[in-house]
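Morning, everyone. Please put the model up on the screen, and I'll walk you through it.

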Amino acid sequence: MTSLPEAAAAAPRPTALPPAARPSPTATPAPPPGLPASGSPLSARRARTRQRLMAAAIAVFAERGVIGASVEEICEAAGFTRGAFYSNFADKDALVLALIEQGIAEEYAAAERAVAELKAQGGGLTATAAVAQVLGRLNLGGTGDRTSLLAQQELLLYAARVAELRAPYQAFVDACRAQVHALVADALQFAELEFTMPVELALDLLMGAHDQMHQRALFSGELDPTAMHALIMNLTRPRSGAALHPGEESV
């Protein structure tokens with residue numbers, strides 16, 4: 001995994017990754033457990049079966065927790081037999097990792113689309129609003145409903161508890177973090193902004209705000225990006241020659 005840039009000691013300013021080390025925003029995550037290492041595509045029928053099993057697992061995990069849920073319950077909720085389950089996943093652990101990977105990949109894809117839409121608009125947004133649009137898609141890429149939020153928490157806790165899942169989960173998160181860095185850097189460049197601190201620290205704060213927003217949504221029933229937007233205002237500054245935050249100009 002390539003390291004992200006270090007800040008200048010005197011006045012912290014973000015430094016771009018060297019071209020050879022910069023992660024590609026369009027890089028494809030590793031194939032989920034159960035797929036061949038080559039990433040060979042599934043048949044349409046098997047892909048639908050796999051997706052129905054994963055959707056059923058989300059609902060069952062949210063209600064009973066990962067540990068409390070059985071393969072039989074997931075199969076019953078999906079309308080399939082155990083044979084269909086084991087033709088797609090080696091075991092429940094493989095299903096859990098596939099769900100985690102799918103969730104992260106979907107959020108990343110949503111943020112990637114936001115960058116493309118931002119550039120297509122060509123103007124009309126303030127600099128901070130432009131970056132917030134990208135991060136907002138990253139945060140709100142999922143459905144945001146209570147079932148999904150509960151399932152996400154259950155999946156993370158289970159991955160933390162099961163030793164065999166910790167390393168592959170962390171490796172996938174690290175890869176996605178590098179991709180998110182590339183997206184955020186792209187949005188900042190387009191909005192003529194830069195971080196006011198080392199990139200690693202800024203990403204940690206943004207991810208922390210993301211997690212806090214999701215935790216609050218479990219009780220409030222809605223995702224509120226207000227704190228995230230305020231954080232963006234305090235983590236970024238205009239690049240030389242760009243408009244200042246108090247009187248932002250449209251990008």
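Let's start inside. The largest nonpolar core has 27 residues. Phe61, Ile74, Phe89, Leu95 and Val96 have the most contacts within it. A nonpolar core here is a set of buried Ala, Val, Leu, Ile, Met, Phe, Trp, Tyr and Cys residues, joined through side-chain atoms within 4.5 Å. Buried means under 20% relative accessible area, exposed means over 50%, and partly exposed lies in between, using a 1.4 Å probe and protein chains only.

Which elements give two or more residues to this core? They are helix H1 (44-64), helix H2 (71-78), H4, helix H6 (146-161) and H7. H4 gives the most, with 7 residues. As a general point, nonpolar side chains in soluble globular proteins tend to be buried together.

A word on the source. This is a predicted model, where local features need pLDDT of at least 70 and side-chain atom pairs count only at pLDDT 80 or more, while totals for chains, interfaces and linings use all residues. Residues are numbered from 1 along each chain as its sequence is written, and side-chain values use heavy atoms, with hydrogens and water left out.

Now the whole chain. It has 9 helices and 2 strands. Helices (H or I, at least four residues) and strands (E, at least two) are DSSP runs, numbered from the N terminus. From that end, the order is α-α-α-α-α-α-α-β-α-α-β. Of the 251 residues, 38% count as buried.

How do the axes of H4 (residues 92-121) and H7 (residues 163-190) cross? They come within 10 Å and cross at roughly 5°. Axes are lines fitted to C-alpha atoms, for helices over the stretch in contact, and angles run from 0 to 180 degrees between N-to-C directions. H4 and H7 are therefore roughly parallel. That label covers angles under 35 degrees; over 145 is roughly antiparallel, 65 to 115 roughly perpendicular, and the rest oblique.

Contact means heavy atoms within 4.5 Å. Residues of H4 including Ile100, Glu101 and Ile104 meet a set in H7 that includes Phe172, Val173 and Cys176.

Last, look at Cys176. This residue sits in helix H7. Is Cys176 buried or exposed? Cys176 is buried, with a relative accessible area of 4%. Cys176 and Glu101 are 75 residues apart in sequence, and 9.3 Å apart in space, C-alpha to C-alpha.
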